[in-house]
Amino acid sequence: GPTSMRSFNASLKSQKTVKSMIETKGGDKGKEQGGKKNKNAKKEAPAAEPVKGEKAKAPTSAQKTVENGNQGLTQEEIIQKKREEFIRKRMGAPVEKPSKSPKPVKEKPKGKEKRVWTLGGSSTKELDYSQSNGNGAHAAGDQGLDAQADPGMQLSSMKGDLLAVDYESSEGDEEEEEEDAVERVVVADTSKKIPKKGAFGGMFGMLKGLVGSKSLSQEDMEPVLDKMRDHLIAKNVAAEIASQLCGSVAKKLEGKVMGTFTTVASTVKGALQDSLVQILQPKRRVDILRDVLEARSQRRPFVITFCGVNGVGKSTNLAKISFWLIENGFTVLIAACDTFRAGAVEQLRTHQRRLNSLHPPQDHGGRPIVQLYEKGYGKDAAGIAMEAIAYARNQAFDVVLVDTAGRMQDNTPLMTALAKLIAVNMPDLVLFVGEALVGNEAVDQLVKFNQALADHSMSDKPRLIDGIVLTKFDTIDDKVGAAISMTYITGQPIVFVGTGQTYNDLRSLNARAVVGALMKA
């Protein structure tokens, strides 16, 4: 039809126009190349003068794009390419786009994988000890596991009295410090400021420079005693007690006439050491082994009650003391009177199984050497303790160790319950368990525990704290001030010192070693 003829003619015209445009572009390109050749020729032959009026035309941006797209194609191929593109556009065919890379398929995030513990076991039945009665009636497998638990445990290593806790105080260093102090010449002038050295080196140097052959006065010693108090507080002595100690040293030295400069430092140090040793040395000796033998001769058990605040190590150190007692041939009954804390009874039962595996019943006439007396949770602790003591008397146990729940000293109902337990059962020894990490809190704890025991006692002579168990002593290095604070407040000795996490880590207190650590600068 006429319409198709018109469109065909129009397409032919447009093709001719495109062709003419391409030819003109090709001519321009030839000119451009010719211009480039002329320029190169000019560079190669600089002597030749350029022709006037001729300038090389710079290629336009459209020409550059065409050149870039059609590099390496002949003139006919370029025309053919343009013709195909034009026909495609006219016919409405889609222009081919460069194919995009396919999108990666998103993987679903993995859930948390179940962790497999190497020693977890295949079933929870292995961990169920609820059917055991705590009196040694366990499967042989349990005994074997417990025996393997402490392969490095040294049996028969704790017979007799406990070893004294040792602190590695280098006496040679102290002697050298004193010799240096003797050699140093100090002018007796109180107005001069003496440079700070160590905590005690500077202190004794200052005091040495204060006086000649005159008597010591309070004003002379005041700056030195301030340094001394700060040093004691830094070593974990309670601030109130450090002040009282410095006051007692000042009273001892006040009015004392010093002959030479050299004796002042050693005299002050000696006075302080004597005061500290006097505090730490017990007024009465607590000999538990002797007392247990005496109670055995009277055919009654020796009863020890442990009390203290939460988390100081009552149950752990009770197990250590049990090990020490069975090493010395005594039979032990543990009374689980902590009926509040979850897991307290199970903890003691575990200790009992371990101790029985270290000292098997067949070595002691078929009788378990350690037994646990427990009535579960939520019961009255005083009643359980009374029943345990009666059971121990009937079964001829040598020692009853009563474990109580941890309680803060400000909790009046719990302190009343503790006082009731002690007043009703009248134990032979009441041990306060305190950790060596405490500072000023030691004073508050001991004062309030003693106050509660005195207030809620039913007799004229109330049972107060008889001794102290100092735990976590291996964590404090030379900051041993808690020992001074506790003994100063109660006037009672430190009976046991816990120095580690195994049954062997139990010591008695060595006053000289503790004072040596305390005096070390």
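Analyst: Glu435 is buried, because its relative accessible area is 17% and buried means under 20%, exposed over 50%, and partly exposed in between (1.4 Å probe, protein chains only). The model is predicted, so local features need pLDDT of at least 70 and side-chain atom pairs count only at pLDDT 80 or more, while totals for chains, interfaces and linings use all residues. Residues are numbered from 1 along each chain as its sequence is written, and side-chain values use heavy atoms, with hydrogens and water left out.

Glu435 forms a salt bridge with Lys472, and their closest N and O atoms are 2.7 Å apart. Glu435 lies in strand S5 and Lys472 in the loop between strand S6 (467-471) and H16, so the pair ties together parts that are 37 residues apart in sequence. Helices (H or I, at least four residues) and strands (E, at least two) are DSSP runs, numbered from the N terminus. A salt bridge here is a side-chain nitrogen of Lys or Arg within 4 Å of a carboxyl oxygen of Asp or Glu. Lys472 is partly exposed, because its relative accessible area is 29%.

Strand S5 (429-435) also takes part in covering the buried residues of helix H15. Others in that cover include helix H8 (239-253), strand S1 (302-307), helix H14 (412-425) and helix H16 (481-490). Helix H15 itself runs over residues 441-455, 15 residues in total, and spans 21 Å from its first C-alpha to its last, close to the 21 Å expected at 1.5 Å a residue. That expected span is 1.5 Å times one less than the number of residues. The buried residues of H15 include Ala442, Val443, Leu446, Phe449 and Leu453. Asp444 and Lys448 are linked with Asp410 in a network of salt bridges.

Asn236 is placed in the loop between helix H7 (218-234) and H8. Among the residues that Asn236 touches are Ala436, Leu437, Val438 and Gly439, as well as Lys479, Gly481, Ala482 and Ser485, leaving aside residues up to four places away in sequence. Contact means heavy atoms within 4.5 Å. Asn236 and Ser485 are 249 residues apart in sequence, yet their C-alpha atoms are 8.6 Å apart in space.

The structure holds twelve salt bridges. Another of them joins the side chains of Glu374 and Arg349 at 2.5 Å, N to O. Arg349 counts as buried, because its relative accessibility is 8%.
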